[in-house]
Structures are given as C-alpha cells and as structure tokens.
Amino acid sequence: MSQVYDRVALIGLGLIASSMFWAIKRAGLAGEVTGYARSEATRDTARRIGLCDRVCDTAKEAVEGADLVVLCVPVGAMEAVAQEIAPVLKPGATVTDVGSVKRHVIQVVSPHIPKGVHFIPAHPLAGTEHSGPESGFAELFDNRWSLLVPVEGSDPHAIARLRALWEGMGANVDEMDADHHDLVLAVTSHAPHLIAYTMVGVADDLRRVTDSEVIKYSAAGFRDFTRIAASDPTMWRDVFLTNKDATLEILGRFTEELFALQRAIRTGDGEHLFDYFTRTRAIRRGIIDAGQDTDAPDFGRGKANP
Ligand SMILES: NC(=O)c1ccc[n+]([C@@H]2O[C@H](COP(=O)([O-])OP(=O)(O)OC[C@H]3O[C@@H](n4cnc5c(N)ncnc54)[C@H](O)[C@@H]3O)[C@@H](O)[C@H]2O)c1
Ligand SMILES: O=C(O)C(=O)C[C@]1(C(=O)O)C=C[C@@H](O)C=C1
C-alpha cells in the first residue's frame, strides 16, 4: 500500500485512534502521525509505547500542518475539539471523525470547519469493550465496515482519499446518509448495548439473592452481555444522549416485542415462541453466510446445524 496522506493528526488517543495508528503504520499510509490526548497520563503512556510519531501537548500543535485530522474523542467532546483546532487547520486539509453517532457530530462540528477545509464524517463499525491508548491493535478494522457520511458539497477527491485510507487499514467502505446511519446503528449497536447494560444491572440487583452464583455459573449468553456492558461509560452516555430519537424509536419497538414474548410465555403459546426463534435464527445464519461475523466459530453448518 502506498502513502495516502503526508501528515495525519489523531485527536484523542484511545482504542480507535491507537488502532488507526498501528493500522496506518502496518500499511505505510502516512508520512507522519501526530497525536494529542487531553490527559497528561495518556500522553505519557502514548510516548512510552511508541503510539504516534510525535505526541503533542496541545491539540493545535498536533493539527498544525496536518493533511488529515481525525477526531477520536467521545461524541460529546467533538464540538469543543473542533472549535479549538479550527484556527490552525491547513487550507485543503480534511477533518474526519470516528464517532458512533453522525447527525449530532455533523450539527456541532460543521459550523467550526473553515472554508477550504473538507469535513467528511466517518464511523468504523469495529471495536471492543476496552478503551485507552494501550487497547488498540492494527487488525481491528480488518474486514469490518467503515461508513463514510459525506456532508452536502463534500469534495469527491477528498472522499476518495479518505476511502483509500480506510481500505488501506483493512476496512470495507460504504457511504451512508447521517439519519439513516443513526437509525441503522440504533438497531445494530446502540439498543443492543443498552439491553446488555440493563441485563447486567438486573443481575447485579439480584446479587443479594444469588450471592456470587451469577458470576460462578455465568453461561455464554450472560458472559456476552457482561463483555458489552464493560464498555466505556463516557462513550456510551454520549451515544445515548446524542442519538436520542432513533434509540427511543427502536427501544419502543423492542418493548412491544418483549411484551408479546412475555405474553406467549405466560399463556403457554409455544407456537409463537418457536416461530419467533426460527425467524431470528435465520438472521444469524444470514450474518454468518455474508462473512460478517469473523468471531463466529464454525459450528459445522450444513452438517449437524444446517
Ligand atoms: N469503542 C468502540 O467500540 C468504538 C467503535 C467505533 C467508534 N467509536 C467512537 O470512537 C470515539 C473514540 O472512542 P474510543 O473507543 O477510542 O474511546 P477511548 O475512551 O478509548 O478514547 C477516547 C480518548 O479521547 C480522549 N478525550 C476525551 N475527551 C477529550 C477531549 N475533550 N479532548 C481531547 N481528548 C479527549 C480520552 O482521554 C481518550 O484518550 C468515540 O466517539 C466513539 O463513539 C468507538
Ligand atoms: O465489539 C464491540 O465491543 C462493540 O461494541 C463495537 C461496536 C458495535 O456495537 O459493534 C460499538 C460501537 C461502535 O460505534 C461500533 C462498534
């Protein structure tokens, strides 16, 4: 892979920024990568582990002269960072972000982007429950989607360049409108996280009744919930506060379906339960067949589990 940008600046040195750094280095996609994080402790850690070619003590210093600036902070911090770096953005540079919500980021960041600077929001659909500068790894984006959400009048050449960066980091790239993005992610990511947080909260409430049995006999389903519910509280608080409408819409539908299932259990309607689970099983199969669950073990599909 050849170099896509001369200089890239990463603002906020957590899971996504550190993974981007290692993926950029793996493929030689940038000449120099600078980085900035708000806390001195994070900057020290970054310097110690060689995260970024140059770690700067201010966001402005990191951004000066950069051809690409990537905002890798929680969604609720995007506006303040955009406002701070705006005066030093290089004409012709591109600003992008990796936030999990897109309409809100566009609303609060766009007004701060000077004329002559491109703004192309993005969102990699890849992550883990870990956060911070030491949690990143070069393979995070391999074979995952990264969605570009161009705003009105986005320059096609700048979009193509950002696409080349994400493809160079191993991702498959698609473009999507911001509102559609926020609705899709409310279904596939935001509501599921809230449900996991709730389920683990319920288990915690029951702790006095069950002692430590919930942990001791934790079955696979609950373990998956605990992994998701260990995700960063700041990040997820911001996601729910900024993707309010779409999340509430999906939770409304979720509650209706939950009530229907609750009723089927109470009335002994096995047919309803069986049909429902048959339909949802087919969705899982579809995801695996589309090759989008790289973590899924092969359960011998087509043999014992067709
Ligand atoms: N974790 C995921 O699974 C995931 C996946 C895709 C996208 N995202 C999005 O990526 C962004 C970063 O998430 P992450 O998982 O890398 O988070 P993280 O917690 O690992 O890192 C965030 C970094 O931003 C820094 N920061 C916070 N406020 C700041 C500010 N005002 N100025 C400068 N730095 C600040 C923090 O100190 C930290 O270093 C978020 O917007 C999130 O929604 C996360
Ligand atoms: O795998 C995980 O741990 C994640 O939660 C990653 C995940 C997701 O929901 O898939 C979380 C938030 C993002 O914005 C994108 C990806």
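# Notebook: a predicted model

**Entry 1**

I began with N143, which lies in the loop between β7 (122-124) and β8 (145-148). Strands here are DSSP runs of E with at least two residues, helices are runs of H or I with at least four residues, and both are numbered from the N terminus. I am working on a predicted model, in which local features need pLDDT of at least 70 and side-chain atom pairs count only at pLDDT 80 or more, while totals for chains, interfaces and linings use all residues. Residues are numbered from 1 along each chain as its sequence is written, and chains are lettered from A and ligands numbered from 1 in the order in which they are written.

I looked up phi of N143 and found a positive value near 60 degrees, in a residue other than glycine. N143 counts as exposed because it has 12 C-beta neighbours inside 10 Å. The scale, with C-beta atoms placed from the backbone, is: buried if 20 or more other C-beta atoms lie within 10 Å of the residue's own, exposed if 12 or fewer, partly exposed in between.

I then turned to C52, also not a glycine, whose phi is positive at about 85 degrees. C52 sits in the loop between α2 (40-49) and β3 (54-55). Is C52 buried or exposed? C52 counts as buried, because 26 C-beta neighbours fall inside 10 Å.

**Entry 2. The sheet**

I traced an open sheet of six parallel strands in the order β3-β2-β1-β4-β5-β6. Two strands are taken to pair if DSSP finds at least two bridges between them. The edges are β3 and β6 (118-119), each of which pairs on one side only. I noted V95, whose bridge partner in β6 is F119.

Helix α4 (residues 78-85) packs on this sheet and touches β1 (5-11), β4 (68-71) and β5. I count a contact when the C-beta atoms of two residues, placed from the backbone, lie within 7 Å. The direction of α4 makes about 155 degrees with that of β4. Axes for this are lines fitted to C-alpha atoms, for helices over the stretch in contact, and angles run from 0 to 180 degrees between N-to-C directions.

I checked β1 next: six of its seven residues are buried, so β1 is largely enclosed by the rest of the structure. Six bridges join β1 to β2 (residues 30-36), and the two run parallel. Y5 stands opposite A30 in β2.

**Entry 3. The ligand shells**

Around ligand 1 I found 28 residues, of which G12, G14, S100, G127 and S131 come nearest. A residue is near a molecule or strand if its C-beta atom, placed from the backbone, lies within 6 Å of it. Which element gives the most to this shell? Helix α1 does, with three residues. At least two residues each come from α1 (15-27), α4 and β7. I sorted the shell by class into 16 nonpolar, 10 polar and two charged residues. Ala, Val, Leu, Ile, Met, Phe, Trp, Tyr, Cys and Pro count as nonpolar, Asp, Glu, Lys and Arg as charged, and the others, Gly among them, as polar.

Around ligand 2 I listed S100, L125, A126, G127, T128, E129, S189 and S231. By class, this shell has two nonpolar, five polar and one charged residues.

**Entry 4. Domains**

I took the bounds from the domain assignment, which gives domain 1 (5-176) and domain 2 (180-289). Such bounds come from an automatic or database domain assignment. The two domain centres, taken over C-alpha atoms, are 30 Å apart. In the contact I found 14 residues from domain 1 and 17 residues from domain 2. The side of domain 1 that touches domain 2 has six nonpolar, five polar and three charged residues.

**Entry 5. Residue pairs along the chain**

I looked up D245, which has its place in helix α12 (residues 244-267). D245 counts as exposed, because it has 12 C-beta neighbours inside 10 Å. D245 and D182 are 63 residues apart in sequence, and their C-alpha atoms are 9.2 Å apart.

A164 is in helix α6 (residues 156-168) and, with 16 C-beta neighbours inside 10 Å, counts as partly exposed. I found 31 Å between the C-alpha atoms of A164 and P192, which are 28 residues apart along the chain.

H272 lies in helix α13 (residues 270-289). With 15 C-beta neighbours inside 10 Å, H272 counts as partly exposed. H272 and G132, 140 residues apart in sequence, are 44 Å apart from C-alpha to C-alpha.
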